[in-house]
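Here's a quick tour of a protein chain, written for someone just starting out. Keep the model open beside you and look up each spot as we reach it.

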Amino acid sequence: MASAAPNFLFVMADQLAAPALPIYGKANVVAPHLQRLGDEGVVFENCYCNYPICGPSRASMHTGKRAFDIGMYDNASEFQGAVPTFAHYLRKLGYRVEMSGKMHFVGADQMHGYEARHTTEIYPANYAWTVDWSKGREFRPTNLTMAPVIESGPCIRSLQMDYDEEVAFNGVQAVYDLGRRADEKPFFLTVSFTQPHSPFVAPQKHWDLYDHDKIDLPAVPPFELDEMDHLSRNLHYCQGRHEFTVTDDHRRNARHGYYGMISYIDEKLGQLRDALESSGQAENTIIVFCADHGEMMGERGMWYKQHFFEWASRVPLIIHAPSRWNASRIKENTSLLDLMPTILDLADDGAFDSYAETPDGVSLRPSLEQPGSQGERPVPAEFAADGSTGPSRMIKLGRFKYMDLEGVDERLYDLEEDPNELSDLTSEPTHYETLENMRRHAQSLWDADEMRIKIRTSQKRRLAIHQATGGDPTYVNVVRHNDENRYVRNGSAADTKARARFPYVEPAQAAGGGE
């Protein structure tokens, strides 16, 4: 039944870089449903994740708090059930709050305010993937190397497809079920897909949407080791780039697969919109589309996420409600921290003031109603997960991006003049005041020495527990028989996905050489 308060359909993709989408300038990617959503909605051109890896980014987004402040350091950090999320607050406002798909919640609380989860989780919910700084930069909790890049290509079926078909089916069904509920409650439905996360294996149908010879190569070639910043060097070794040779053929295959996976997710978005429209709920439903982080896609010779460069940290954000706001594009910097206050502001018609603690983000409602009205503010990000050997932080303010990389290296970029982040300005006298201002913003987030101790203590605790228990209990949300053992549980994500690919492809072998 119709409700005065708006419904929400919150659609998430995994590892989807904003620069890879046509609404952000990538014209050769086939995504008509996302294009339509952006053409009709409000597109935030400079939205950043606050943590370039899955679990901490999603927990931060749900709570409106920076990841380190809630004890989220890597993909095996427990998301504490005592921290309220937008789902809790929405229930307080009378919403029915449900989810279909991935959220990478670790720990006993697998709901975090959601009243129903229609699928299991694709990844472990225990401490299996805890980072261990004592083992140095080559420690790989998930055994992620360059093999998924080299093995990229089309498939008939993959583990990601298995999961996302389940997510889409249950998401569409939830749209219909929520629409025919007897009560008058508005709903908030999260539908969260696992693609286009690596490996870059696209369904044949979506692979065939592209002319392989026209797939572009990375704009920025691989860096030599002595040209890399400290964190980039760490990732070079953590991801095994010194053990594999990645060629231009591999790069083109990976990008082809990635684009095909984007087209697959775009198709699923279309199915969800069809369900809203056919059930008569589209007019009163605000659609929010975003991703948890980006994907380097071979730029600078880098892959996956785990850094603050644009392809890894800038994410799509579209808010769609054409009956409420005119289509527009917002240039000011925003982040996923802003989603919770924005959602609650819209759900409560601007009146929500019942936070247990002040969120770190701000409501974007003023930008929706009057584009350009909010001005600039510092947008933060943090990192201490796979490939790190200490805590790092980033500040984006106006046209400038500053990185403090484990206290070893700094970088300052002017993204208007240098969108590919090639010219470090930290030693330029003309940018001294900008550098000092950015340093002050970054250092205000936390004390580096104290944070290093806190994170290492957390690692030791979780490693001790996992070594003793072997990952029992798994904690994963169980919906159907044998969910405890489906998808990726204690083992390596890369190896599990490779075994599930159909037809099977022989795994790439490390042979030295490097990019």
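## Before we start

We'll call a residue buried if its relative accessible area is under 20%, exposed if that area is over 50%, and partly exposed in between (1.4 Å probe, protein chains only). Helices (H or I, at least four residues) and strands (E, at least two) are DSSP runs, numbered from the N terminus.

This is a predicted model, in which local features need pLDDT of at least 70 and side-chain atom pairs count only at pLDDT 80 or more, while totals for chains, interfaces and linings use all residues. Residues are numbered from 1 along each chain as its sequence is written, and side-chain values use heavy atoms, with hydrogens and water left out.

## A strand on the inside

Let's begin with strand 6, residues 187-192. Why is strand 6 largely enclosed by the rest of the structure? Because 6 of its 6 residues are buried. From this strand, F187, L189 and V191 point one way, while F188, T190 and S192 point the other way, and all of them are buried.

Who are its partners? Two strands pair if DSSP finds at least two bridges between them. Strand 1 (residues 7-13) pairs with strand 6 in the parallel sense, over 5 bridges, and there L9 stands opposite L189. Strand 3 (residues 96-101) also runs parallel to strand 6, joined to it by 6 bridges. In that pairing, G101 sits opposite S192.

Now look at helix 8, which takes in residues 248-278. Just after the helix, G280 takes a positive phi of about 75 degrees.

Next up is T389, in the loop between strand 12 (379-383) and strand 13 (392-397). Buried or partly exposed? T389 is partly exposed, because its relative accessible area is 23%. Contact means heavy atoms within 4.5 Å. Leaving aside neighbours within four places in sequence, T389 is in contact with W133, G136, R137, H230, N234, E406 and R452. R452 is 63 residues away along the chain, yet the two C-alpha atoms are separated by 9.3 Å.

A polar contact is a pair of N or O atoms within 3.5 Å; within protein, one must be able to donate a hydrogen and the other to accept it, and residues adjacent in sequence count only if both atoms are side-chain atoms. The side chain of T389 makes one with the side chain of N234, at 3.1 Å. S335, in strand 11 (residues 328-335), has a polar contact too: its side chain meets the side chain of N50 at 3.1 Å. S335 counts as buried because its relative accessible area is 2%. Not counting residues up to four places away in sequence, S335 touches C47, Y48, N50 and V379.

Most residues other than glycine have a negative phi, and most peptide bonds are trans. Where does this chain do something else? A cis peptide bond joins Q195 and P196, with omega about 5 degrees, and P196 is in the loop between strand 6 and strand 7 (201-203). The bond from F502 to P503 is cis as well, with omega near -5 degrees; P503 belongs to the segment after helix 14 (493-500).

Then there's phi. M297, in the loop between strand 8 (285-291) and helix 9 (310-313), has a positive phi near 55 degrees. Its relative accessible area is 0%, so M297 is buried. Y487 isn't a glycine either, but its phi is positive, about 60 degrees. You'll find Y487 in the loop between helix 13 (448-469) and helix 14, and at 13% relative accessibility it counts as buried.

On a 1 Å grid over the protein atoms alone, a cavity is a set of points where a 1.4 Å probe fits but cannot get out, and lining residues have an atom within 4 Å of a point. Grid points are joined across faces, edges and corners, and a volume is the space filled by probe spheres set on the points.

How many cavities of 30 Å³ or more does the whole structure hold? The search finds 6. The largest has about 260 Å³ of space and is lined by 24 residues, with T142, L144, H197, K305 and A493 nearest its centre. Helix 14 gives the largest share of that lining, 4 residues.

Note on methods:
On a 1 Å grid over the protein atoms alone, a cavity is a set of points where a 1.4 Å probe fits but cannot get out, and a pocket is an open set with protein on both sides within 12 Å along at least five of seven lines; lining residues have an atom within 4 Å of a point.
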